[in-house]
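Student: I'd like to go through this one by asking where the labels come from. Can you set each value against its cut-off for me?

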Amino acid sequence: MISRGTIRYASVHAHLGRTGSRRDDLESLAYTLIFLIRGRLPWQGFQGDNKSFLVCKKKMATSADVLSCFCPPPFKHFLEMVTNMKFDEEPNYAKLISLFDSLIEVPASRPIRIDGALKVGQKRGRMVVNLEEEEQPKKKVRLGSPATQWISVYNARRPMKQRYHYNVADSRLHQHIEKGNEDGLYISCVASSANFWALIMDAGTGFGSQVYELSQIFLHKDWIMEQWEKNFYITAIAGATNGSSLVVMSKGTPYTQQSYKVSESFPYKWINKKWKEGFHVTSMGTAGNRWGVVMSRNAGYSDQVVELDFLYPSEGLHRRWESGYRITSSAGTPDQAAFILSIPKRKPLDETQETLRTSAFPSNHVKEKWAKNLYIASICYGRTAC
């Protein structure tokens with residue numbers, strides 16, 4: 001995880017490597033003020049290479065109530081307001097300052113000794129803005145217990161046949177895949193929930209043949225290398241909470257070389273290194289809190305970015321869509337959700353893309369999307385809300 005600024009006081013967006021704005025400065029100020037009153041912040045004391053990740057995780061898990069419990073109420077209100085701001089939102093400094101007016105008690109005049117003489121000091125004038133009750137931020141972010149949900153991504157396509165299976169036990173996996181292959185369908189993406197599998201199979205992959213392995217090893221190196229020798233490339237991966245993984249490899253991809261990494265935290269540095277070498281992320285999966293990321297040469301993208309957050313990064317995704325990016329991979333752990341967004345070298349005729357979050361597998365919604373020629377392009381299960 002990339003960190004900018006002093007880890008103790010950095011905003012969560014800074015931890016996640018995002019471009020800073022005025023909201024981030026104000027969030028850092030809130031942590032600094034609370035530290036000056038309390039003498040300590042809950043995320044102090046973490047050590048090691050994962051320090052920034054652990055500090056960020058703790059910041060996201062600590063509610064404004066807990067963080068400001070030994071502070072006067074204005075500190076809580078200030079923290080809630082600044083952490084709810086949007087990237088380009090102009091801060092209402094007068095309103096933020098007015099929160100603390102009730103804490104300032106200044107006598108009508110006060111003696112100030114200067115070179116033995118007494119002079120009367122006066123309080124500098126300041127605009128006072130009343131903060132009405134209904135103006136208090138209602139949206140509570142970074143609070144409460146985490147919720148895990150399905151995140152499905154839909155792309156506009158020409159009409160085609162697509163099939164889904166979910167809550168598939170290990171013993172039933174082969175049956176579904178074999179039946180799909182007989183009907184001319186290949187696996188386009190996979191996911192896992194509660195140690196059961198979800199499969200998306202369709203006729204729009206362009207693959208000529210496909211192999212898969214269900215293993216107790218998350219991304220079984222020997223099997224993958226054996227398939228690489230046969231010109232199969234990884235096209236979909238998923239991991240279960242018990243540590244097992246499903247790896248799908250296909251012929252007929254445009255890829256010319258692949259590399260993958262399994263990491264205890266999201267491998268930002270490795271991805272950046274591979275981007276410089278001409279690779280792009282083409283598949284992602286998780287097993288518990290471990291990440292598996294696959295990168296390929298000749299993936300057909302001109303640019304690629306990552307949106308990683310402890311919440312569903314709605315704001316970031318919409319900004320990327322407006323800049324021409326589309327979600328091409330997604331994955332989630334119990335702590336985080338990650339999205340890879342890419343700009344394709346060849347623009348699709350219809351760039352429509354939609355996302356959906358549901359507590360159960362979106363079987364009914366999928367059929368509604370099909371009626372609009374929107375087909376599942378990526379699906380994952382993990383942390384998306386507080």
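Tutor: Start with S11: leaving aside neighbours within four places in sequence, S11 is in contact with D24, E27, S28 and Y31. Contact here means heavy atoms within 4.5 Å. Keep in mind that this is a predicted model, where local features need pLDDT of at least 70, side-chain atom pairs count only at pLDDT 80 or more, and totals for chains, interfaces and linings use all residues. Residues are numbered from 1 along each chain as its sequence is written, and side-chain values use heavy atoms, with hydrogens and water left out.

Student: Where does S11 sit, and why is S11 called buried?

Tutor: S11 is in the segment before helix 1 (12-15). Buried means under 20% relative accessible area, exposed means over 50%, and partly exposed is in between (1.4 Å probe, protein chains only). S11 has 1% relative accessibility, so it counts as buried.

Student: What makes the S11 and D24 side chains a polar contact?

Tutor: A polar contact is a pair of N or O atoms within 3.5 Å; within protein, one must be able to donate a hydrogen and the other to accept it, and residues adjacent in sequence count only if both atoms are side-chain atoms. The side chains of S11 and D24 make such a contact at 2.6 Å. Their C-alpha atoms are separated by 5.4 Å, with the two residues 13 apart along the chain. The S11 side chain also has a polar atom 3.1 Å from the backbone nitrogen of A14.

Student: How do you know how many disulfides the structure holds?

Tutor: A disulfide is a covalent bond between the sulfur atoms of two cysteines. The working test is a pair of cysteine sulfur atoms within 2.5 Å. The count for this structure is zero. Take C69: the closest cysteine sulfur, in C71, is 7.3 Å from its own, so that's too far for a bond. For C380 the closest cysteine sulfur is in C189, at 10.0 Å, again too far.

Student: Are C69 and C380 buried or exposed, or something in between?

Tutor: C69 has a relative accessible area of 45%, so it's partly exposed. C380 comes in at 5%, so it's buried.

Student: What makes helix 5 mostly covered?

Tutor: Helices (H or I, at least four residues) and strands (E, at least two) are DSSP runs, numbered from the N terminus. Helix 5 spans residues 73-83, and eight of its 11 residues are buried. Those are P74, F75, F78, L79, E80, M81, V82 and T83. The cover includes helix 2 (22-38), helix 4 (64-67) and helix 6 (93-98).

Student: Why are strand 10 and strand 11 called edge strands?

Tutor: Two strands pair if DSSP finds at least two bridges between them. The open sheet has three strands in the order 10-12-11, with antiparallel pairing. Strand 10 (257-263) and strand 11 (279-287) each have a single partner strand, so one side of each is left without a neighbour in the sheet. Neighbouring strands here are turned by 20° against each other on average, direction ignored.

Student: How do you know that strand 11 pairs with strand 12?

Tutor: Eight bridges join strand 11 to strand 12 (residues 290-297), running antiparallel. As one example, A287 has R290 of strand 12 as its bridge partner. Helix 9 (residues 268-276) lies across strand 10, strand 11 and strand 12, at about 0° to strand 12. Such angles run from 0 to 180 degrees between N-to-C directions, with axes as lines fitted to C-alpha atoms, for helices over the stretch in contact.

Student: Why is H280 called buried?

Tutor: H280 is in strand 11. Its relative accessible area is 14%, so it's buried. Leaving aside neighbours within four places in sequence, its contacts include W275, V294, Y301 and D303.

Student: What makes strand 13 largely enclosed?

Tutor: Seven of its nine residues are buried, so the rest of the structure largely encloses strand 13. Strand 13 and strand 15 pair over eight bridges, with V306 partnered by I340 of strand 15. Strand 14 and strand 15 (residues 337-344) pair over six bridges, and S330 has F339 as its bridge partner.
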